[in-house]
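My entries follow the structure below.

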Amino acid sequence: MLQNAKITWNEAGTPVSDAFGDVYFSNDNGLNETRYVFLQQNGLPERWINHPHPTFIIAETGFGTGLNFLATWQQFNIYREQQPSGNVSRLHFISFEKYPLSRSDLILALNSWPELNHLSTKLIDIYPHAVSGCHRLQFDHGQVVLDLWFGDVNEQLPQIYCPPEGYIDAWYLDGFAPSKNPDMWSSSLFQQMFRLCRENATLATFTAAGFVRRGLAEAGFAMNKAPGYGKKREMLQGKCSKSLAPDFSSCSKSSEIAVVGGGIAAASLVYLLTQRGYQVSLYCAESDVAQSASGNPQGAVYPLLHTPEDTLSQFFAAAFDFCKQTIQPVLESQKIPHDWNGVEIRNIDEKQTRKNQQVLAAGFPDELITSCDKGVFFPTGGWLNPALLTQTLFSLASETGQLSKHFNTQITAFNKTDTDWQLVDQTNHLWHADQVILANGAHIDQFTQTAGLPITPVRGQISFIQAFNHTNESDHVICGDGYVVPQHAEQQVIGATYTRNDFSRDVRESDHQENIQKMQSTLQSPSTPVTVIGGRAAIRAVTRDHLPLVGGMRTLPEDSDLSEEISSFSAAGWLPDNKTSLYVLAGLGSRGLCSAPLAAEILISLILKEPLPCSLPVLNDLDPQRRWLKPFYRKWRRAQRA
């Protein structure tokens with residue numbers, strides 16, 4: 001179970017790890033040491049000027065207080081001011097931490113560096129909950145990205161998907177001293193570092209220990225010694241000896257990306273793609289966006305949790321944090337109704353009580369979920385207006401000049417040619433695109449290429465009622481047998497019904513009565529008077545395992561072809577290759593507000609060959625073809641053991 005670091009402070013005011021008995025940074029000006037050891041010895045910022053990639057990717061083996069990241073971010077800002085025509089326009093920083101600092105300790109530690117306050121404040125504001133896995137943080141409109149991997153670096157590194165040409169341009173081999181933390185300075189770690197390197201990647205570390213130098217050399221790095229910082233006589237620096245040429249075959253900014261859909265999934269995709277500068281064409285079967293489940297006036301936002309180790313919880317915990325950091329500036333600047341006053345899940349029966357108790361016992365941080373008198377409480381959860389958020393994300397994407405929208409355009413088929421995709425609409429008009437992303441919800445399986453995907457359409461009706469005070473608890477969302485959202489504009493939303501394989505969007509009186517009964521059961525107030533003033537029905541796309549479908553579609557071998565195809569299957573799973581250009585984002589179910597931004601970010605990272613904000617187990621469990629892949633993966637594992 002992930003634990004926060006326990007620290008004390010020495011006479012110099014430097015934080016010291018209780019577990020390792022070592023300082024987090026040098027007593028002798030840790031910031032200057034970072035600049036010398038990690039930036040200067042990796043050739044930064046000079047390498048940014050003529051780097052062959054627009055994104056420079058740094059990986060670090062110990063996040064600690066975040067000092068190395070903040071110092072690099074500060075230098076990157078200086079570089080962008082002084083070298084506006086430099087090749088690197090985006091900084092991607094990946095860091096690992098087994099024992100993350102609590103937010104309060106992080107604040108105290110970073111108070112030592114007032115010159116970094118303008119950056120450290122931004123980090124502290126969106127510092128993630130202490131849950132295992134990857135947490136993506138974005139700064140400066142996405143020009144600076146931090147992937148924080150919480151957990152043992154030796155366990156996390158093998159779970160990172162990497163294309164053959166590698167990702168990493170520079171390594172900061174940090175962490176507590178080898179004598180204090182020998183488990184981290186291992187040959188397996190050095191080999192994983194080399195696996196992730198791009199050609200000409202470099203590394204630097206404060207230590208000059210002989211076994212570290214030899215281990216890195218055996219892994220494939222050309223190593224040498226350099227003068228150490230301050231009282232340290234020597235340190236190590238190295239360079240990756242890979243001869244594999246970089247692969248620039250990923251989607252270019254001149255490529256045409258088609259997105260089919262019009263809800264929160266499509267909105268998240270086009271918003272994040274256009275913010276990166278990519279050209280997107282939207283094909284929407286309706287006359288406007290947000291016409292299905294994303295068109296509701298109020299919706300709850302909170303994660304789905306089981307245990308910290310399972311992929312569902314890791315995905316949703318990270319998705320919850322990423323959702324809030326992504327949409328919060330939009331909510332505030334566009335004045336979209338919302339409130340983060342919390343979400344309560346009540347113990348309405350024995351089954352729900354048992355679930356709540358199991359989640360509480362699992363060890364999630366109290367800042368994410370805690371107990372309350374009648375159940376469990378997500379203190380940073382809340383509600384927002386899905387319709388306005390979805391419409392606004394599309395509008396902001398349009399303002400970039402990178403989005404073209406085609407309404408009343410129902411894509412009925414598409415075909416791959418030697419050069420592109422041809423999309424056919426209901427009038428038999430042909431549209432063209434280099435990449436196609438299907439984000440059309442419950443209709444995802446209507447095409448030949450996606451038939452059989454594990455999606456179930458579920459009709460849900462919500463009811464609008466006259467606002468009332470439900471036992472003085474109307475300041476937060478209450479869930480149980482249905483849900484009740486706090487009042488806004490003199491009305492409240494209650495719901496929702498759940499009818500499988502029903503595509504009707506008519507509003508039914510019987511469903512209003514069902515919603516009222518659910519509300520009364522949840523609030524344990526059967527005599528509460530309720531006045532229904534309206535309602536809305538929409539179709540949700542649901543998966544059996546509650547995880548969305550995120551990834552590339554590919555032609556899978558028949559079971560009889562297993563022996564021939566097994567050589568191209570890796571422990572990572574059947575991952576997209578350079579030929580994949582048909583992608584899926586669907587199956588968001590009733591938690592699309594929470595999951596859509598991260599699901600879109602994962603898919604975009606796959607398409608653009610960027611580091612992924614999730615582990616391989618999470619990626620494989622999100623795969624749209626996972627129903628087929630999981631048994632194939634089990635067979636592959638058995639074959640490996642034979």
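**Salt bridges**

I searched the whole structure and got 21 salt bridges. I took a salt bridge to be a side-chain nitrogen of Lys or Arg within 4 Å of a carboxyl oxygen of Asp or Glu. The model is predicted, so I kept local features at pLDDT of at least 70 and side-chain atom pairs at pLDDT 80 or more, while totals for chains, interfaces and linings use all residues. Residues are numbered from 1 along each chain as its sequence is written, and side-chain values use heavy atoms, with hydrogens and water left out.

I looked up Lys98. Its partner is Asp152, with the closest N and O atoms 3.7 Å apart. Lys98 sits in the loop between strand S4 (90-97) and helix H4 (103-110), and Asp152 in the loop between strand S6 (144-150) and helix H6 (153-156), so the bridge ties together parts 54 residues apart in sequence. Lys98 has 38% relative accessibility and counts as partly exposed. My classes were buried under 20% relative accessible area, exposed over 50%, and partly exposed in between (1.4 Å probe, protein chains only).

Next I checked Arg136. It bridges to Glu601, and the closest N and O atoms are 2.8 Å apart. Arg136 belongs to strand S5 (residues 133-139) and Glu601 to helix H15 (residues 592-608), so this pair ties parts 465 residues apart in sequence. Both Arg136 and Glu601 are buried.

Then I took Lys609, whose side chain meets that of Glu165 in a salt bridge (3.6 Å, N to O). Lys609 lies in the loop between H15 and helix H16 (616-622), and Glu165 in the loop between H6 and strand S7 (168-172), 444 residues apart. Are the two ends buried or partly exposed? Lys609 is partly exposed at 23%, whereas Glu165 is buried at 9%.

I also traced shared partners. One network joins Arg90, Arg136, Asp147, Arg276, Glu601 and Glu610.

**A three-strand sheet**

I found an open sheet of three strands, in the order S20-S21-S22, with antiparallel pairing. Strand S20 (411-416) and strand S22 (430-433) are the edges with a single partner strand each, so one side of each has no neighbour in the sheet. I counted two strands as paired if DSSP finds at least two bridges between them. Strand S21 (residues 421-425) pairs with S22 over four bridges, in the antiparallel sense. I noted Leu430 in S22 as the bridge partner of Val424.

Note on methods. Helices (H or I, at least four residues) and strands (E, at least two) are DSSP runs, numbered from the N terminus.
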